[in-house]
Amino acid sequence: MKKALIIFSLLIVTISNAQEKDSTSTYKKRVLETIEVDFLMSYYTQEGKHASVTGGIGDEKLTDLTPTLIIAYPLNSDDILTVDAGISAYSSASSSNLNPFNGDDDDDDDDNIIPPNGVTGSPWVESSGASGGDVWGNVSVNYSHSSDNRNNIWSANVGFATEYDYTSIGFGGGFSKLFNEKNTEVGIKAQVYLDTWSPKYPKEIRAFLDDGENYNSEFFNSVDVLNQAGQIIDKNGTDVWSPFNSTLIKDKGRNSYSVSLSFSQILSKNAQFSVFLDLVQQDGWLSNPMQRVYFGDRDNYYIGNAANIPNYTSPTNIDVFQLADDIERLPDTRFKIPVGARFNYYINEVFVLRTYYRYYFDDWGINSHTASIELPIKFASGKFTFYPTYRYYTQTAADYFAPYEENVSTSIYYTSDYDLSKFNSNQYGVGFKYTDIFAKFKIYKFGLKSVDLKYGYYDRSDGLNSNIFSAGFKFVMD
Amino acid sequence: MLKKIMICLAVLVSFSSCVAVKEYEKININDPDMKLSANSIDRFETNFQVYREGSSGANGGKTGGGCGCN
């Protein structure tokens with residue numbers, strides 16, 4: 001990797017020396033004329049039947065609302081400061097089942113084990129636990145500087161993100177070089193994320209381990225534990241449930257380091273393309289401590305209605321829950337290489353063709369292909385644009401994935417997270433854009449420059465599907 | 001693999017000198033729909049794809065980090 005980076009750096013230096021004379025450097029235009037404000041938001045809904053928090057079966061219903069504000073401020077003719085702040089407010093049936101027993105999910109001992117209706121939890125029923133919803137917040141600041149001839153662009157960024165079980169600090173920098181009369185651009189970017197878990201564990205595992213690895217906690221004193229036959233077990237006997245691995249997260253850190261290389265080229269008056277390569281190294285606790293795993297080679301134990309144990313994997317089961325064998329365990333390093341390319345072609349004043357392809361592989365065994373196409377269609381002299389989109393995605397499974405009850409306890413690493421399974425997906429979308437280059441419609445001192453609305457439907461071969469509505473409003477200051 | 005990619009990149013750069021579209025000829029290239037990056041509102045789609053799929057990166061979105069996703 002070091003050798004590759006040296007070759008790439010030498011390439012940039014050689015090219016920049018060879019292209020010193022640039023006929024476009026005589027006129028210096030401001031990089032950003034005025035303050036620009038983007039208000040973006042999306043609403044996402046999802047349905048599925050392979051919830052990872054409940055071991056690969058269960059309700060995956062999720063909704064997410066994400067308002068975001070981006071302000072680009074020109075510091076002078078060469079420099080831009082951009083602030084990007086947003087939240088993501090979500091509710092998730094799967095996450096709620098971190099504690100499926102309808103109690104709250106803070107770290108005190110006041111969990112309400114048996115609710116008034118007697119339902120004691122199921123992977124198919126959303127719990128009222130606090131983990132069922134949260135807000136992810138993010139703010140990042142980016143600074144960019146362009147050289148007088150606009151052929152060199154430096155950038156640096158810093159950011160912070162937080163949610164109830166996770167915090168992240170990110171920073172990075174980049175450099176882009178344009179040459180060949182700005183027909184060609186090469187860039188290099190480096191980014192670091194230093195993340196920390198505030199781990200939350202499945203209720204039964206936490207209750208068992210926190211109270212000396214036995215059944216003496218308030219939680220287990222209040223409930224009967226059933227075996228596969230539906231019989232109440234003797235908690236002091238030998239036929240008892242216990243988590244397979246009593247070691248939880250030791251290293252709460254999770255770091256990501258990436259280097260991105262890019263190259264773009266104008267091919268003609270109507271065509272251009274770009275290629276991207278990312279090299280990503282991750283280390284730390286890369287599995288999610290909320291996600292349960294059930295082993296096929298260990299006995300099963302339940303809390304709830306014994307009569308529904310035979311129907312456990314059916315959505316008709318609303319009142320029995322299987323105690324986890326373990327949380328998912330994944331390697332503490334991961335190396336990922338995605339390579340992508342875009343090709344855009346201006347067909348005529350009405351049609352533009354936008355295409356994208358990516359090949360990805362990593363050392364967890366996932367290989368994937370992504371291809372997408374978008375066809376903007378302009379009308380009313382380009383004031384309005386309608387754009388249909390289509391995206392196809394396919395991936396192989398991670399080496400450590402197996403469905404519910406198909407992992408075995410002799411494995412070192414295991415997960416039943418279907419996001420790491422083998423699947424393919426189709427995504428269909430339509431967008432509508434309004435552009436007013438004169439920004440005539442005003443709100444206070446800001447003129448509305450564009451409105452972008454988009455809808456997408458995502459269909460995954462394992463049964464998960466989702467809808468996403470996105471909207472963007474761009475304002476420019478007078 | 002990496003060596004092959006770097007060789008491809010070097011070949012691409014060497015081809016760059018073959019074409020030089022002048023600034024005044026770039027009216028179509030400068031069309032907003034021709035930009036070589038995702039649209040700004042596509043960030044939300046990229047975000048959920050990063051969560052719901054095992055791969056990420058090479059699209060201007062996150063390559064990992066910043067969230068409990070891959």
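## Overview of the two chains

How much of the 478 residues of chain A counts as buried? In this predicted model, 40% of them count as buried, where a residue is called buried if 20 or more other C-beta atoms, placed from the backbone, lie within 10 Å of its own, exposed if 12 or fewer do, and partly exposed in between. In chain B, which has 70 residues, buried residues make up 47%.

Residues are numbered from 1 along each chain as its sequence is written, while chains are lettered from A and ligands numbered from 1 in the order in which they are written. Because the model is predicted, local features need pLDDT of at least 70 and side-chain atom pairs count only at pLDDT 80 or more, whereas totals for chains, interfaces and linings use all residues.

The secondary structure of chain A comes to four helices and 24 strands, and that of chain B to two helices and zero strands; helices (H or I, at least four residues) and strands (E, at least two) are DSSP runs, numbered from the N terminus. Among contacts in chain A between residues at least 6 apart in sequence, 66% join residues at least 24 apart, a contact being a pair of residues whose C-beta atoms, placed from the backbone, lie within 7 Å.

## Helix α2 of chain B and the strands that cover it

Helix α2 of chain B spans residues 42-52 and is mostly covered, with nine of its eleven residues buried. The buried residues are B:D42, B:R43, B:F44, B:E45, B:N47, B:F48, B:Q49, B:V50 and B:R52, and what covers them includes three strands of chain A, namely β1 (36-47), β23 (446-460) and β24 (465-477).

Strand β1(A) is in turn joined by five bridges to β3(A), residues 68-74, and the two strands run antiparallel; strands are said to pair if DSSP finds at least two bridges between them. Within this pairing, A:V37 has A:I71 of β3(A) as its bridge partner. Seven bridges then join β3(A) to β4(A), residues 79-92, again in an antiparallel arrangement, with A:G86 of β4(A) as the bridge partner of A:T68, and a hairpin of four residues links β3(A) to β4(A).

## Nonpolar cores

A nonpolar core is taken here as a set of buried Ala, Val, Leu, Ile, Met, Phe, Trp, Tyr and Cys residues joined through C-beta atoms within 7 Å. The largest such core has 34 residues, and those with the most contacts inside it are A:V293, A:Y302, A:A398 and A:Y400. The elements that give two or more residues to this core are α3 (203-210), β13 (301-304) and β14 (320-322) of chain A, of which α3(A) gives the most, with three residues. This core also draws at least three residues from each of domain 2 and domain 3 of chain A.

Leaving aside its neighbours within four places in sequence, A:V293 is in contact with residues including A:G55, A:A324, A:I327, A:N407 and A:Y414. A second, separate core of ten residues includes A:L32, A:A72, A:I80 and A:I468.

## Domains of chain A

The domain assignment of chain A gives domain 1 (1-19 + 151-201 + 254-291), domain 2 (34-149 + 464-478) and domain 3 (202-247 + 298-327), with bounds that come from an automatic or database domain assignment. The contact between domain 1 and domain 2 takes 17 residues from domain 1 and 20 residues from domain 2.

On the side of domain 1 that touches domain 2 there are eight nonpolar, seven polar and two charged residues, where Ala, Val, Leu, Ile, Met, Phe, Trp, Tyr, Cys and Pro count as nonpolar, Asp, Glu, Lys and Arg as charged, and the others, Gly among them, as polar.

## Helix α3 of chain A and backbone details

Helix α3(A) is mostly covered, with six of its eight residues buried, and these are A:K203, A:E204, A:I205, A:R206, A:A207 and A:F208. The buried residues of this helix pack against α4 (218-221) and β15 (326-327) of chain A, and just after the helix A:G212 takes a positive phi of about 80°.

Most residues other than glycine have a negative phi. A:S381, in the loop between β19 (377-379) and β20 (384-395) of chain A, has a positive phi near 55°, and this residue is exposed, with 7 other C-beta atoms within 10 Å. A:Y444, in the loop between β22 (442-443) and β23 of chain A, has a positive phi near 55°, and A:Y444 is exposed, with 8 other C-beta atoms within 10 Å.

Key
Two residues are in contact if their C-beta atoms, placed from the backbone, lie within 7 Å.
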